[in-house]
Every structure is written in structure tokens, then in C-alpha cells.
Amino acid sequence: MAELQEVQITEEKPLLPGQTPEAAKTHSVETPYGSVTFTVYGTPKPKRPAILTYHDVGLNYKSCFQPLFQFGDMQEIIQNFVRVHVDAPGMEEGAPVFPLGYQYPSLDQLADMIPCVLQYLNFSTIIGVGVGAGAYILSRYALNHPDTVEGLVLINIDPNAKGWMDWAAHKLTGLTSSIPEMILGHLFSQEELSGNSELIQKYRNIITHAPNLDNIELYWNSYNNRRDLNFERGGDITLKCPVMLVVGDQAPHEDAVMADSGGQPQLTQPGKLTEAFKYFLQGMGYMASSCMTRLSRSRTASLTSAASIDGNRSRSRTLSQSSESGTLSSGPPGHTMEVSC
């Protein structure tokens with residue numbers, strides 16, 4: 001393995017008033033498919049996996065996950081787990097633009113970089129948290145290395161390759177829309193974009209003026225060239241670990257609980273997502289003494305039965321009951337928890 005580079009940094013702002021900023025270490029490691037950068041928070045806890053995150057297209061680990069992991073109620077979780085935030089190649093802050101003709105890794109190859117990260121850190125198991133493209137990458141990694149993944153939180157995942165109609169629509173959109181606008185259409189719904197809230201303005205500015213926009217386009221192209229994960233209900237190709245599937249209320253494919261675009265619940269609903277994540281961890285046998293909150297008192301039954309957070313809506317259904325093709329299956333009933341935020 002090639003030489004590693006380490007840089008000591010700290011968060012720019014404390015997570016809570018009066019709280020000491022959490023120290024972080026950023027590393028770069030060479031892999032068979034190029035260099036990958038990742039940032040580690042906290043120290044390993046005995047007999048506990050690391051929480052490893054992977055961001056979506058157009059974002060890096062900070063812009064994708066910082067609102068969630070800085071949320072007050074999340075502190076109970078992060079005190080119990082070391083965290084590893086992986087940046088896709090060329091997406092880290094200050095990344096140089098790749099030279100013309102650079103062959104960006106496929107999503108499968110990005111998944112194959114993760115073992116190099118874990119080998120360097122000497123971590124044996126993880127709980128993966130991925131959004132969009134990152135959710136696909138972590139799913140691919142879990143299929144290839146099931147013994148190293150204790151659980152997955154998959155937000156807005158689309159496990160299917162683009163069909164001919166999708167390709168035609170994508171090409172047509174590319175003739176009339178810029179790369180930033182296409183990526184924004186992947187991250188947020190048309191309703192959100194039309195509303196042009198402060199959040200939308202912020203992320204439009206981040207992506208439009210990104211100094212590494214050429215790199216972002218390469219990641220975007222890799223996502224659009226993804227292969228079908230070919231999940232089989234009850235078959236050999238399936239996720240062996242517990243899975244929490246999360247979809248934003250604004251996602252256009254909420255009925256299938258796997259969205260290719262729309263809604264970023266880790267940005268807009270960190271409270272709901274934190275609460276659901278906490279019970280997911282409890283279901284895996286961690287944080288048993290965690291305090292019960294309003295969500296658990298009113299909705300524990302719906303969460304443990306893998307139904308939607310909001311009991312009066314049926315848009316989020318268990319994948320074991322879904323008739324959609326390409327659905328995710330994670331083993332025996334009760335291993336899949338689904339949340340609509």
C-alpha cells in the first residue's frame with residue numbers, strides 16, 4: 001500500500017453551545033483505483049463497529065452529513081461510535097481538478113476502495129450510512145464483503161441501472177440543462193426546486209460555483225452508468241445485514257422506497273432520521289439504555305414493524321411485501337426497517 005497522508009483538523013463550530021469541538025483526522029490512501037480521502041472522528045470503541053458514511057453526487061461528506069451529525073440528539077449516538085466519512089475521489093475540499101481524459105472509477109470500483117480504508121484503520125466491521133450514489137456504493141460493498149457490514153442505512157437508493165427510457169430522458173435533459181441543474185434535480189424534487197428555499201439556494205450555490213465541478217461531473221457520469229445490483233428476494237444476491245431504508249417525503253419514487261432523486265432527509269429532517277437511526281441501532285443490540293423520546297412513545301410499533309414513520313400514510317411499505325421489480329431484500333422478516341421523512 002502506498003504512503004498515507006494525515007492532516008489534523010477540527011470542526012469549524014462547536015456542535016452545541018459550550019461543547020468542545022470534536023477533533024478529526026483526515027487521511028488519504030492509495031487504492032488500485034486511485035487515491036481516496038476519508039475523515040475520522042472519535043476513537044474506536046471496543047466490540048463496536050465504526051459508522052462509515054458515503055455521500056451523494058454533487059456533495060462531499062460535510063455538505064451531505066454535517067447537518068445530521070451536528071444535530072443535538074445525534075450526540076448520544078456519536079459518543080458511542082467512531083465515525084469514518086469517506087469522500088469520493090476528487091470530491092474532498094481543496095481537491096485538484098483531474099486532468100483531461102482521466103478515467104473516473106465506476107461505482108463498483110469506488111466500493112472496492114473501502115477495504116483499503118478499513119485495512120489502514122484496522123477496523124473489522126462497519127455500519128454504513130449512504131445517500132443516493134453513496135447508498136449504492138455501500139450496498140455493492142456489502143454484497144462483496146458481507147462479513148464486514150453489521151448494518152446499513154440507505155437513503156434514497158436506486159439499485160437499478162438506467163433503462164433505455166431513462167437514458168433517453170437523461171440525454172434530452174442534458175441538451176437543455178446544465179450539469180449543476182441536472183444534479184440538483186437528482187438531489188431535490190421539482191417541488192423543492194420551485195420553492196427555492198434557503199436550503200435550495202445554498203446547495204445550488206455550492207454546486208454551481210464548485211471549483212471541482214469537472215470532478216463532480218465525472219462522479220455524476222459514473223452514477224448514471226451504474227449496473228443493476230440484481231437483488232433477489234430470497235435468492236443468493238441479497239443483503240445479509242439489517243437495513244434501514246430511508247426516503248424523503250419529496251422523493252418521486254417513495255412508493256418503492258428507493259428514490260433516484262428528490263428530498264434529502266439528512267438535511268431537512270435530521271431529528272426524525274436521528275430518532276429512527278437510534279432505534280435501528282437498538283434493534284442491532286447497541287445503545288440499549290438510550291432514553292425513550294416522543295417518537296418512540298407514539299410510533300415504536302410502526303417502526304419495529306418496518307412501516308412508515310407516519311402511521312396514517314401507506315406510501316412507505318416493507319420491501320418484503322413490495323411487488324416492484326428490483327426491490328431490496330435484507331434477509332428474514334424484521335431485518336428491514338423503512339422510514340419516510
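Mentor: Helices (H or I, at least four residues) and strands (E, at least two) are DSSP runs, numbered from the N terminus. The structure above is a predicted model, in which local features need pLDDT of at least 70 and side-chain atom pairs count only at pLDDT 80 or more, while totals for chains, interfaces and linings use all residues. Residues are numbered from 1 along each chain as its sequence is written, and side-chain values use heavy atoms, with hydrogens and water left out.

Trainee: In which helix does E76 lie?

Mentor: E76 belongs to helix 2, which covers residues 75–78. The protein chain as a whole has 12 helices and nine strands.

Trainee: What makes E76 partly exposed?

Mentor: Buried means under 20% relative accessible area, exposed means over 50%, and partly exposed lies in between (1.4 Å probe, protein chains only). E76 has a relative accessibility of 25%, so it counts as partly exposed.

Trainee: Why is I78 called buried?

Mentor: I78 is also found in helix 2. Its relative accessibility is 6%, and therefore I78 counts as buried.

Trainee: What makes K47 exposed?

Mentor: K47 counts as exposed because its relative accessibility is 84%. K47 sits in the loop between strand 3 (34–41) and strand 4 (50–54). Its phi is near 60°, a positive value in a residue other than glycine.

Trainee: P49 is in the loop between strand 3 and strand 4. Why is P49 called buried?

Mentor: The relative accessible area of P49 is 1%, so P49 is buried. Leaving out residues up to four places away in sequence, P49 touches F81, T125, I126, I127, E150 and Y286; a contact means heavy atoms within 4.5 Å. The C-alpha atoms of P49 and I127 are separated by 6.3 Å, and the two residues are 78 apart along the chain.

Trainee: Why does N196 count as partly exposed?

Mentor: N196 is partly exposed because its relative accessible area is 34%. This residue is in the loop between helix 7 (190–195) and helix 8 (198–208), and its phi is near 50°, a positive value in a residue other than glycine.

Trainee: What makes N224 buried?

Mentor: N224 has a relative accessible area of 3% and is therefore buried. N224 lies in helix 9 (residues 213–224). Its C-alpha is 6.9 Å from that of K162, which is 62 residues away in sequence. Of the 341 residues of the protein chain, 53% count as buried.

Trainee: Which members of the largest nonpolar core touch the most other members?

Mentor: A nonpolar core is a set of buried Ala, Val, Leu, Ile, Met, Phe, Trp, Tyr and Cys residues joined through side-chain atoms within 4.5 Å. The largest core has 83 residues, and Y54, V84, L152, Y219, M244 and F277 touch the most other members. Helix 3 (residues 107–121) gives the most to this core, with eight residues. In soluble globular proteins, nonpolar side chains tend to be buried together.

Trainee: Which residues line the second largest cavity?

Mentor: On a 1 Å grid over the protein atoms alone, a cavity is a set of points where a 1.4 Å probe fits but cannot get out, and lining residues have an atom within 4 Å of a point. The second largest cavity is lined by L68, M74, V129, V153, L273 and F277. Its volume, the space filled by probe spheres set on grid points joined across faces, edges and corners, is about 30 Å³.

Trainee: How many nonpolar residues does that lining have?

Mentor: Ala, Val, Leu, Ile, Met, Phe, Trp, Tyr, Cys and Pro count as nonpolar, Asp, Glu, Lys and Arg as charged, and the others, Gly among them, as polar. By class, the lining has six nonpolar, no polar and no charged residues.

Trainee: What average pLDDT does the protein chain have?

Mentor: pLDDT is the predictor's confidence in each residue, from 0 to 100. The chain averages 79, and 70% of the residues score at least 70. Over residues 1–18 the pLDDT is below 50, and this stretch has 41 contacts in the model beyond near neighbours in sequence.

Definitions and conventions:
1 Å grid on protein atoms, 1.4 Å probe; cavity = no way out; pocket = protein on both sides within 12 Å on 5 of 7 lines; lining within 4 Å.
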